[in-house]
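I opened a notebook on this structure today.

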Amino acid sequence: MPLLGTSGGSNVNWTTAVKKFNSDATVKGDKKDVVPADTLATAFKNSGLSTVYMKVTPTLLARIPGGLLDKIDSYSGLYMKFDLDMDNIPTTTHYGDQLKLAYKLDNTNLYYKPVISLGGLTNTNADGYAALPVQLNAMNTLWGLLYQ
């Protein structure tokens with residue numbers, strides 16, 4: 001069940017997660033067979049599609065997808081966090097079905113990747129990102145400007 005949607009290769013996190021999902025053997029099979037919901041959820045989580053961080057600041061370095069510069073440049077920006085809405089995944093999914101993924105935006109924070117943790121001063125989440133609280137109306141304005 002390959003994911004066809006990409007962000008045009010402009011978001012490293014998304015592109016990497018899609019490639020990892022598409023190579024996962026647990027989501028490959030015969031069209032007549034149903035993919036168990038827990039298998040699908042695990043595949044989304046393991047590939048990085050259950051939570052995706054989309055960079056909202058310009059990329060400062062020339063991009064080579066998946067290369068060293070991608071890893072270095074990930075520390076130079078701000079990200080918005082999107083959590084996969086598993087309630088919108090169909091209860092019956094067959095191998096080979098195309099799924100439209102819906103995400104919920106965390107509109108209370110922007111995120112960044114700290115280069116180093118400053119002795120407990122930088123609280124990072126399980127994904128390695130630190131939160132910067134923002135005002136709800138400011139996030140909605142930013143969202144509207146970026147994705148009109």
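**Entry 1: the pocket.** I start with a term. A pocket is an open set of grid points with protein on both sides within 12 Å along at least five of seven lines, and its lining residues have an atom within 4 Å of a point. The model I am reading is predicted.

I looked up the second largest pocket. Its space comes to about 350 Å³. I found 15 residues in its lining. Nearest the centre of this pocket lie Asn-13, Ala-17, Ser-47, Gly-48 and Thr-51.

Which elements supply at least two residues each to this lining? I noted helix H1 (12-22), helix H2 and strand E2 (51-55). H1 gives the most, with five residues. I then sorted the lining of the second largest pocket by class: six residues are polar, five are nonpolar and four are charged.

**Entry 2: Ser-47.** I picked Ser-47 from the residues nearest the pocket centre. Ser-47 sits in helix H2. Is Ser-47 buried or exposed? Its relative accessible area is 8%, so Ser-47 is buried; the cut-off for buried is under 20%.

Next I checked the side chain of Ser-47. One of its polar atoms lies 3.1 Å from the backbone oxygen of Phe-44. The side chain of Ser-47 also reaches the backbone nitrogen of Leu-49, at 3.5 Å. Leaving out residues up to four places away in sequence, I listed what Ser-47 touches: Ala-17, Lys-20 and Phe-21.

**Entry 3: Thr-57.** I moved on to the loop between E2 and H3, where Thr-57 has its place.

**Entry 4: the whole chain.** I counted four helices and seven strands. From the N terminus on, I read the order as α-β-α-β-α-β-β-β-β-β-α. The chain has 148 residues, and 31% of them count as buried. Among contacts with a separation of 6 or more, 61% join residues 24 or more positions apart.

**Entry 5: confidence.** How does the predictor score the chain? The average pLDDT is 77, and 68% of the residues score at least 70. Which element has the highest mean pLDDT? I found helix H2 (residues 37-47) there, at 91. Helix H3 (residues 68-73) has the lowest mean, 52.

Note on methods. Residues are numbered from 1 along each chain as its sequence is written. This is a predicted model: local features need pLDDT of at least 70, side-chain atom pairs count only at pLDDT 80 or more; totals for chains, interfaces and linings use all residues. Side-chain values use heavy atoms; hydrogens and water are left out. pLDDT is the predictor's confidence in each residue, from 0 to 100. On a 1 Å grid over the protein atoms alone, a cavity is a set of points where a 1.4 Å probe fits but cannot get out, and a pocket is an open set with protein on both sides within 12 Å along at least five of seven lines; lining residues have an atom within 4 Å of a point. Grid points are joined across faces, edges and corners, and a volume is the space filled by probe spheres set on the points. Ala, Val, Leu, Ile, Met, Phe, Trp, Tyr, Cys and Pro count as nonpolar, Asp, Glu, Lys and Arg as charged, and the others, Gly among them, as polar. Buried means under 20% relative accessible area, exposed over 50%, partly exposed in between (1.4 Å probe, protein chains only). A polar contact is a pair of N or O atoms within 3.5 Å; within protein, one must be able to donate a hydrogen and the other to accept it, and residues adjacent in sequence count only if both atoms are side-chain atoms. Contact means heavy atoms within 4.5 Å.
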